[in-house]
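These are my notebook entries on the model shown below.

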Amino acid sequence: MIARRLGWVALGGLVLLLPRLVYEGLALDILTWALFATALDILLGYTGLLSFGHAAFFGAGAYASGLLALRGSVPYPVNAVAGALVAGALSVPLLYLAVRRRGIYFAMITLAFAQMIYYIINEWRGLTGGENGVQGVPRVLVGGLDLSNLTMFYYVTVPLVAVGMWVCWRIVHSPFGRVLMAIRENEVRARSLGYPVDRYKLLSAVLSCTLSGFAGGIYVIAHRFVALETVHWITSGTVVMMVLLGGMETTLGPAVGAALVLLLRDILSTWTDAWGVATGAIFVAVILVFRRGIVGTLQQLMQSRLHAALESAPRRPDEATPVSR
Amino acid sequence: MENLLLQVFNGLVNGAFFALLSLGLAVIFGMLRVVNFMHGALYMLGAFATYLLGTSAGVSFWWALVLAPLAVAAVGIVLERLFLRRLYDVDPLYNLLLTFGLTLVLQDTMRLRFGIQGVPYSAPSLLKGAIVWGNLLFPTYRLFVLGFSVLICLLTWWVIEWTRVGMIVRAATENPGLTRALGIDVDRWVPPVFAFGVALAALAGVLAAPMRNVSPLMGADLIVTTFAIVVIGGLGSILGSVVTGFLVGVIVALGAVYYPPVSNTLVFVLMAIILLLRPAGLFGSLE
């Protein structure tokens with residue numbers, strides 16, 4: 001318990017010092033993508049549905065938030081919250097259709113709908129700027145405080161991301177989250193126990209998309225810009241990779257994965273532009289030999305040591321969650 | 001009316017590419033239970049193979065029609081043996097993700113080598129020009145694409161429905177365990193079937209080379225459209241994937257006549273309607 005508390009204090013310190021360790025832009029990217037990846041994990045890790053279209057909802061949040069700030073002078077973080085709501089609203093009809101199919105089809109359907117959003121954003125030039133994206137987004141806090149200083153913006157954003165991450169954690173560590181896991185493990189049994197499985201899946205997807213949209217809303221204000229590329233399926237794939245690399249179904253895994261991928265991209269970009277080759281190769285390596293991810297592997301190691309130590313002691317049901325994969 | 005007829009023709013030509021690609025996806029999915037995300041990238045490799053064979057070895061389009069799919073199929077077999085094979089025992093989603101990673105590698109490698117704009121490739125002189133029919137003008141090359149891909153689709157259907165090889169593939173698709181019990185080595189058939197599906201994608205790429213710009217990202221958007229078509233048709237049926245491919249090609253072309261901006265999104269709207277009315281797809285049964 002003490003070790004755990006110390007761990008949280010250390011993590012808090014790390015987050016607060018991050019703009020000193022790396023440059024502010026990268027620190028902010030780590031925050032937003034950490035939230036994005038954690039939000040995706042609600043669906044991917046806990047509900048067991050692979051969405052290959054989350055870029056659409058991240059992008060919808062970003063475009064909505066950016067346009068509200070640019071054209072409506074809506075201050076931060078109200079614009080980001082509005083972006084989240086737009087992403088959530090958009091996800092309702094699309095995911096309602098997607099949850100009608102399972103497994104591999106769900107992945108293909110979400111990918112296809114995300115591509116549809118991509119084309120719509122591209123065609124709707126009057127609103128979205130087409131290929132030019134939305135540029136020159138103002139960065140103003142509620143009350144009129146100018147946030148053009150990126151360091152200041154970072155420290156305003158930390159609590160917002162923390163709240164977002166906490167909401168993700170709260171969702172999956174609730175009776176609702178338990179039902180999601182039950183559906184993932186055995187859908188037929190969950191159904192026969194009387195749970196409206198499709199409605200649970202839809203709600204978990206909408207929550208995941210809303211939080212992804214929130215991350216997108218923060219992203220656009222941080223960059224003061226959103227490009228069409230943000231909505232492309234490569235973004236959807238990248239965030240899936242972050243979750244897998246860090247570890248699905250772990251509290252901090254997706255965030256760790258996001259941080260690692262972004263740091264790696266930053267280091268690599270100084271001496272090569274073959275980022276696609278690097279991303280693809282990491283992806284292949286993770287899928288082939290490291291499916292449990294970094295945090296997942298660490299947890300497993302710690303758990304097996306704990307089990308060895310407590311061999312004879314009876315297990316409390318709320319302590320170790322059995323790792324079945 | 002004449003304009004409409006021409007649009008149907010153009011739709012059928014576009015549908016020919018959809019049909020070849022979704023047919024390859026269906027063949028691979030049936031045997032390997034893998035949704036091959038690389039399919040668009042392999043289509044792109046087919047086009048580049050045609051270009052490279054032409055510029056570096058002076059191989060004509062007609063020979064490329066045979067050699068390029070063989071070359072890309074060889075690449076496919078190597079990738080299957082090196083990577084895909086290792087994941088047949090886990091959730092099929094992992095192979096989707098694996099092939100996604102390989103797609104990034106393939107596309108980016110070609111981008112580093114050839115740049116993003118791509119390279120030109122012109123149709124053989126025999127297929128240049130157009131055939132005039134009344135007031136209508138049909139480009140010869142497009143007619144060839146349509147005829148040739150229909151032929152390939154029919155040939156594939158014949159092999160799978162009427163030959164011994166096809167019987168083994170169908171049996172292994174239906175019930176691999178029982179097929180093994182009957183003394184057929186199913187695993188031995190996995191690489192050739194995969195190679196065949198890859199060759200179909202590469203063939204589509206060869207056909208696309210003189211018609212569309214040969215560029216590293218030419219398959220990137222096409223693969224997603226093909227996925228939507230596969231959802232509309234269902235992955236289960238060989239004939240279904242071909243029919244859906246042509247059908248979607250025509251519907252999209254006709255939709256573009258009435259309201260051009262929707263031409264890209266129409267296939268996804270179609271997918272949404274099918275999911276609403278018939279979630280299993282036109283020719284599919286629920287998994």
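How many residues of chain A are in contact with residues of chain B? I find 33 residues of chain A in contact with 33 residues of chain B, a contact being two C-beta atoms, placed from the backbone, within 7 Å. On the chain A side, H5(A) gives the most, with 14 residues. I divide that side into 22 nonpolar, 6 polar and 5 charged residues; Ala, Val, Leu, Ile, Met, Phe, Trp, Tyr, Cys and Pro count as nonpolar, Asp, Glu, Lys and Arg as charged, and the others, Gly among them, as polar.

I note that this is a predicted model, in which local features need pLDDT of at least 70, side-chain atom pairs count only at pLDDT 80 or more, and totals for chains, interfaces and linings use all residues. Residues are numbered from 1 along each chain as its sequence is written, and chains are lettered from A and ligands numbered from 1 in the order in which they are written.

I read their order from the N terminus as α-α-α-α-β-β-α-α-α-α-α-α-α. The C-alpha atoms of chain B occupy a box of roughly 60 × 50 × 35 Å along the principal axes.

I then turned to B:Met271. Apart from neighbours within four places in sequence, B:Met271 contacts A:Ala112, B:Ala228, B:Val231 and B:Ile232.

Technical notes:
Helices (H or I, at least four residues) and strands (E, at least two) are DSSP runs, numbered from the N terminus.
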